[in-house]
Amino acid sequence: MAYFLFFIVIICVAVGVYFLRKYAEGGQFTKDIRIDGKVVIVTGCNSDGIGKETALELAKRGARVYMACRNFIKCEVARREIIELSRNKNVFNLGLDLTSIESIKTFVKEFESKEQSLDILINNAGVYGLSKRLTVDGHEITFASNYLGHFLLTNLLLEKLRASAPSRIVNVSSFVHKYGIINKNDLQGEKVFTEAAAYCNSKLANILFTREMAKRLAGTGVTCNSLHPGVIRTEIGRNSPLFFNFMFIFGFLIYKTVKSGAQTTLACAIDPEFIDVTGKYFCDCSIAEESKIAQDDEISEWLWRTSEKLTGMAD
């Protein structure tokens, strides 16, 4: 009898774990949408994370994919793997360092020399756990990598996006934006800095940027949306391995796979249902509600003006 009860408990636990894992994977983008010939840029897609998975899926659907990554060698390895898996030769490696204004401008010039259009821009690249240090342009590195670089990149590519309308901008943010703040007197953590706060603040900035960009692009046919991909074990935690390994031990039941983590990005990028949706925040392939601070129009306008000054766009 004891063995029978033990067997029943094991079965119940296994079934429970299975359904919990299914729930944790979240919404899935299951529509068979082809985007043959559409030109796409994906930033931060050379490692085994949602960026690479997104690039792979879009290549499988026929897109011309530009992988915009800082590490050219790793990106080339990933590019060849994507070509092999997707059987799409139109996958390209174009170097981009989001912490360098010069690199961003060079990337845009090279891209514009190769393509007449840009249908989808996916600002995916992100870092976590970097200690406080400044970029070559004097910006805090997490702020620059996760937000400011994408702000400049997107603005420099607007002409191509407008010419390709209807086109889409997709900004990968996170639910942790709810813990972020935009301190006008300490925007980049010059006075008070922690790695976690820098990450949360940069993700909040992504959503504020998304909402302001959407307002400025109203009526152009270019949409701009942000998203939370889910809780995923990827290489973004390589700079804080102890924290992420601890979380993995206790959180493996709620982590999404990389494939599931890319689903909301894909929905925002190619789902026909969202072709006219702009300025929204998505989670699990559906529109969700961002935090109250992320809906503050005054803060988003201030951040935009400040970002213009920081990137030299105001000049």
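**Ser100 and its surroundings**

Reply: In this predicted model, Ser100 is in contact with Val136 and Asp137, leaving aside its neighbours within four places in sequence.

Me: Is Ser100 buried or exposed, and what is its relative accessible area?
Reply: Ser100 is located in the loop between strand 3 and helix 4 (101-114). A residue counts as buried under 20% relative accessible area. Ser100 is therefore buried, its relative accessible area being 12%.

Me: Which residue has its backbone nitrogen 3.1 Å from a polar atom of the Ser100 side chain?
Reply: A polar contact requires a pair of N or O atoms within 3.5 Å. At 3.1 Å from a polar atom of the side chain of Ser100 lies the backbone nitrogen of Ser103.

Me: How many helices and strands does the chain have, and what is the order of the strands in the open sheet?
Reply: The secondary structure comes to 11 helices and eight strands.

Me: Which residue of strand 3 is the bridge partner of Tyr66?
Reply: Strand 2 (residues 64-69) and strand 3 run parallel and are joined by five bridges. In strand 3, the partner of Tyr66 is Phe92.

Me: What angle does the direction of helix 3 make with that of strand 3?
Reply: Helix 3 (residues 72-86) packs on the sheet, where it touches strand 2 and strand 3. The angle between the directions of helix 3 and strand 3 is about 170 degrees.

Me: Across which strands does helix 5 lie, and at what angle does it run to strand 4?
Reply: Helix 5 (residues 141-156) lies across strand 1 (39-43), strand 4 (120-123) and strand 5 (167-172). Relative to strand 4, helix 5 runs at about 170 degrees.

Me: How are helix 7 and helix 11 oriented to each other?
Reply: Helix 7 (residues 195-216) and helix 11 (residues 297-311) have axes 9 Å apart and pack at an angle of about 90 degrees. Angles of 65 to 115 degrees count as roughly perpendicular. The two helices are therefore roughly perpendicular to each other.

Me: Which residues meet where helix 7 packs on helix 11, and how many of them are nonpolar, polar and charged?
Reply: Helix 7 contributes Ala205, Leu208, Phe209, Arg211, Glu212, Met213, Lys215 and Arg216. These meet Asp297, Ile299, Ser300, Glu301, Leu303 and Trp304 in helix 11. By class, the contact of helix 7 with helix 11 has seven nonpolar, one polar and six charged residues.

Me: Where is the cis peptide bond that involves Pro166, and what is its omega?
Reply: Pro166 belongs to the loop between helix 6 (158-163) and strand 5. The cis bond joins Ala165 and Pro166, with omega at about 5 degrees.

Me: Is Arg87 buried or exposed?
Reply: Arg87, in the loop between helix 3 and strand 3, has a positive phi near 60 degrees and is a residue other than glycine. Exposed means over 50% relative accessible area. With a relative accessible area of 81%, Arg87 is exposed.

Me: Is Cys285 buried or exposed?
Reply: Cys285 sits in the loop between strand 7 (281-283) and strand 8. Its phi is positive, near 65 degrees, in a residue other than glycine. At 12% relative accessibility, Cys285 counts as buried.

Technical notes. Residues are numbered from 1 along each chain as its sequence is written. This is a predicted model: local features need pLDDT of at least 70, side-chain atom pairs count only at pLDDT 80 or more; totals for chains, interfaces and linings use all residues. Side-chain values use heavy atoms; hydrogens and water are left out. Axes are lines fitted to C-alpha atoms, for helices over the stretch in contact, and angles run from 0 to 180 degrees between N-to-C directions. Helices (H or I, at least four residues) and strands (E, at least two) are DSSP runs, numbered from the N terminus. Angles under 35 degrees count as roughly parallel, over 145 as roughly antiparallel, 65 to 115 as roughly perpendicular and the rest as oblique. Contact means heavy atoms within 4.5 Å. Ala, Val, Leu, Ile, Met, Phe, Trp, Tyr, Cys and Pro count as nonpolar, Asp, Glu, Lys and Arg as charged, and the others, Gly among them, as polar. Two strands pair if DSSP finds at least two bridges between them. Buried means under 20% relative accessible area, exposed over 50%, partly exposed in between (1.4 Å probe, protein chains only). A polar contact is a pair of N or O atoms within 3.5 Å; within protein, one must be able to donate a hydrogen and the other to accept it, and residues adjacent in sequence count only if both atoms are side-chain atoms.
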